[in-house]
Structures are given as structure tokens and as C-alpha cells.
Amino acid sequence: MAHDWQPDFEKLVDEHQSMVYSLGLRMTGDRGLAEEIAQDVFLELDRHLGKIESSSHACFWLRRVTMSRSADALRRRKVRQMDLWVEIEEGHGIHAEERISPLGARLEQLLATLPESQRAALVLRYQEDLTPEEIAATLEAPVATVKSNLQRGLKLLRTKAEMHLKEYIRGV
Amino acid sequence: MGFDSEEDFELELHQAFERQPAPPGLKHRLMEKRQACRSRQSFVLWQRLAASLVLAAMLGGAVEWRRQEERRKGEAARQQVLTALRITGHALDRMNRQLAEHDRANQE
């Protein structure tokens with residue numbers, strides 16, 4: 001079949017900017033960094049536009065490059081757990097008042113405290129609804145590793161969330 | 001105290017991790033950056049083209065100079081050979097005249 005689909009850069013930006021931005025934000029916990037990542041990713045897309053074969057390929061490519069750039073940004077920043085908590089508490093990250101559910105806001109904040117590999121797996125699973133196999137392809141990791149990260153990440157996040165709920169109720 | 005089930009917790013996660021809208025103006029800033037990148041690339045391309053032309057002209061000039069130089073050296077060598085032949089010719093003429101005079105003297 002003839003290659004009918006032609007990539008339109010502006011349309012791709014319109015369609016995927018919130019996905020790219022959200023992935024960057026949840027991986028780094030920093031709005032400014034997330035926007036930088038989004039810009040870098042789309043500029044790289046512009047350079048590789050000729051190699052994009054379809055709409056789904058564009059989506060896959062954007063996810064993969066965004067996750068890779070986010071990991072690079074984290075490595076460059078060399079964020080330690082305590083520094084990240086300070087940033088979150090000082091409101092550089094996701095703002096609680098913008099969320100509908102206080103628990104939801106707290107879950108986002110707790111996500112940022114997980115190890116990077118677990119965070120990546122959970123974000124792709126629960127933000128993007130990807131299967132473990134799709135996550136593995138995006139992160140270029142073995143499926144078994146992804147499943148392990150999902151399981152451990154979910155368990156750790158749930159434990160932290162339940163501890164938070166207990167403290168919240170005790171406080172009230 | 002906690003979530004009733006794994007499913008409840010996963011539902012909370014799905015809701016909590018909905019995509020956030022991109023900040024206002026992100027697309028506009030991105031398009032401006034893209035335009036700036038393209039202008040820079042175009043400028044670099046013209047610069048490279050100009051540099052290539054200058055290099056080609058310099059190489060061409062060097063080749064032509066070498067050719068002229070070779071021709072000049074060849075001409076100089078030719079002149080030297082001709083001079084040597086003329087000198088030899090003069091010397092042979094003088095020798096012939098001396099021999100002729102000697103022969104005339106002997107006959108007398």
C-alpha cells in the first residue's frame with residue numbers, strides 16, 4: 001500500500017503536547033524542566049520528521065524520546081531524594097490546588113519519590129494505559145524488568161499512600 | 001486503613017495520572033524556537049557554501065600557479081640548453097678556424 005500518511009508538524013504538536021509535557025512533568029517533578037524537555041523533544045521530531053511513518057509511530061517515537069530525555073535531565077540534575085522533597089514542598093512541582101482530589105495530588109507527589117525505573121513504568125502504565133510489553137518497547141527494557149518495576153512500584157506507592165492517609169487522619 | 005482493593009488503588013492512580021494540559025504558550029514558544037533553528041541552519045549552510053567556493057578558488061589558483069611555474073622552469077631549461085648549444089657551436093667554429101689556419105701554415 002502506498003505511504004499515504006504525511007507528517008504535519010503543527011498537528012503533531014497540537015495532538016501530543018500534553019502527553020509529552022505530562023510525561024516530562026511526572027518524571028522530573030519540575031514544570032520548567034518539563035517544558036524544556038517538551039521543546040527539545042518536538043525540535044528533535046522536526047529534525048526526524050521524514051522518518052516518521054504513521055500517526056501511531058509518531059506517538060511511540062514521542063513517548064520513547066520524552067522518557068529518554070527525562071532520564072537524561074534527571075541524571076544531569078543529580079536530584080537526591082531530600083532535594084526533591086524540598087522542591088515539592090516549595091511548590092516547584094505539581095500544585096495540589098490544581099487537582100480535584102487531595103489524594104490524587106499526594107499520589108503525584110509520592111510518585112516523584114520512587115526510583116526512576118519504577119516511576120517510568122507506573123507513569124506509562126497509568127497515564128498512557130500501556131501494557132507491560134508496550135512499556136518495554138518504549139523504554140527498551142526487557143518485559144520481565146518492566147513487570148517487576150510495575151509490581152514493586154505499585155506496592156511502594158500504595159504503602160506510602162496509606163501511610164499518608166493515616167497521618168492525614170491522625171492530623172485531622 | 002487503606003484502599004479497599006488493588007483495583008480501587010489503580011483507579012485512583014488512573015485518575016491522579018491523567019495527562020496535564022501543556023502550559024499556555026508552549027506551542028507558540030516552540031514554533032518560534034523552530035523558526036530560529038531553521039534560520040540558523042540556513043545561515044550555516046550558506047556559510048559552508050561560501051567557504052567551499054573560496055576553497056575551490058584557492059585550490060584552482062594553486063593548480064594554475066603550479067602549471068605556470070612548471071612552464072616557466074621548462075622555458076628556462078630550454079634557454080639554458082640553447083645557450084649551451086650556442087657556446088659549443090662558437091667553440092667548435094673557433095677550433096675549426098684554428099685547425100684551418102694550422103693546415104694553411106703547414107702547406108706553406
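Q: What makes the pair A:Glu35 and B:Arg29 a salt bridge?
A: The closest N and O atoms of A:Glu35 and B:Arg29 are 2.6 Å apart, and a salt bridge asks for a side-chain nitrogen of Lys or Arg within 4 Å of a carboxyl oxygen of Asp or Glu. So the pair qualifies under that rule. Across the interface of chain A and chain B, the rule finds seven salt bridges.

Q: What sort of model is this?
A: It's a predicted one, where local features need pLDDT of at least 70, side-chain atom pairs count only at pLDDT 80 or more, and totals for chains, interfaces and linings use all residues. Residues are numbered from 1 along each chain as its sequence is written, chains are lettered from A and ligands numbered from 1 in the order written, and side-chain values use heavy atoms, leaving out hydrogens and water.

Q: How many residues from each chain take part in the contact?
A: Chain A brings 42 residues and chain B brings 28, with contact meaning heavy atoms within 4.5 Å.

Q: How much area do chain A and chain B bury between them?
A: About 3,400 Å², with 62% of that on carbon and sulfur atoms. Buried area is the accessible area (1.4 Å probe) that two parts lose on being put together, summed over both. On the chain A side, A:Gln39, A:Tyr126 and A:Arg158 lose the most area to chain B, together 20% of what that side buries.

Q: What makes chain A an α-only chain, going by its elements?
A: From the N terminus on, the elements read α-α-α-α-α-α-α-α. That's eight helices and zero strands, where helices (H or I, at least four residues) and strands (E, at least two) are DSSP runs, numbered from the N terminus.

Q: Why is helix 5 of chain A called mostly covered?
A: Eight of its 10 residues are buried, and buried means under 20% relative accessible area (exposed is over 50%, partly exposed in between; 1.4 Å probe, protein chains only). Among the buried ones in helix 5 of chain A are A:Leu103, A:Gly104, A:Glu108 and A:Leu111. For chain A as a whole, buried residues make up 49% of the 172 residues.

Q: How much of the contacts in chain A, at a separation of 6 or more, comes from residues 24 or more positions apart?
A: Such pairs account for 68% of those contacts.
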